[in-house]
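Here are my notes on this model. Please read them with the structure open.

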Amino acid sequence: MITIRKANERGHAEHGWLDSYHSFSFADYYDPQWTGFRSLRVINDDLVMPGMGFGNHPHRDMEIITYVLSGQLQHKDSMGNGRIIRPGELQYMSAGSGVQHSEFNPSQAEAAHFLQIWITPDAKGVKPRYAEKSLRDAPAGKLNLVTSKTGRDGSIAIHQDADLWLAKLDAGQQVAHSLANNRNAWVHVAEGEVVLNGKTLAGGDAAAISSEAKLELSANKPSQVLLFDLN
């Protein structure tokens, strides 16, 4: 079963300094049909204006993944990490027992466009940790493993049985992914346009998938697609 979540049906918050679309219920946006999917709790499609950002604020017991699509995002946290995340780079932070961080667009000219993803952990109160992974040179036309429970094949280990794959696809390229029994998937089109098992998805569109043995993706134009394989 594939349930489409169209980009224009998402929650939307316009704060002047921040333009954000919410795939799931978040902050003042609440939709009882879309409070998350399996362990996936948040996908926010954020555009932060030049020189603006999120001030220092706390998190706990959440796996937080940030993937920058364009612009720059400056990160600082209470673990002592601090650097500028650029397009094609992904940042992971396990908030665990508690962490404070800030995110700021250091550019005075260009907006920062990024996806912020929250995954509910399988254990509470763990020691906070941080990791980064560059996907700028990830090969096109294949699924690249980004996160996993065990950190296999060079992926980032997270506190949840959730594989995140990234596909960069040129027009006409195709990839396929098999789902094991009792596994589920969420597909989010970050950019471009793809066909998923015969259904067309544009940028910002997503699909919740259950009871499907195989997912087939083909790109109608240059695209970036995130595929979450979830328990």
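1. First, a term. Buried means under 20% relative accessible area, exposed means over 50%, and partly exposed is in between (1.4 Å probe, protein chains only). At 72% relative accessibility, Ser211 counts as exposed.

2. On the source: this is a predicted model, where local features need pLDDT of at least 70, side-chain atom pairs count only at pLDDT 80 or more, and totals for chains, interfaces and linings use all residues. Residues are numbered from 1 along each chain as its sequence is written, and side-chain values use heavy atoms, with hydrogens and water left out.

3. Back to Ser211. This residue sits in the loop between β19 (206–210) and β20 (214–230). Strands here are DSSP runs (E, at least two residues), numbered from the N terminus. The phi of Ser211 is near 60°, a positive value in a residue other than glycine. Most residues other than glycine have a negative phi.

4. Asn182 also deserves a look. Its phi is near 65°, again positive in a residue other than glycine. The loop between β16 (174–178) and β17 (184–196) holds Asn182. Is Asn182 buried or exposed? Asn182 is exposed, at a relative accessible area of 74%.

5. Now the sheet. Four strands form an open sheet in the order β5-β10-β7-β8, with antiparallel pairing. β5 (53–59) and β8 (82–85) are the edges; each has a single partner strand, so one side of each lacks a neighbour in the sheet. Two strands pair if DSSP finds at least two bridges between them.

6. Inside that order, β7 (residues 73–77) pairs with β10 (residues 99–104) in the antiparallel sense, over four bridges. Gln74 stands opposite Phe104 in β10.
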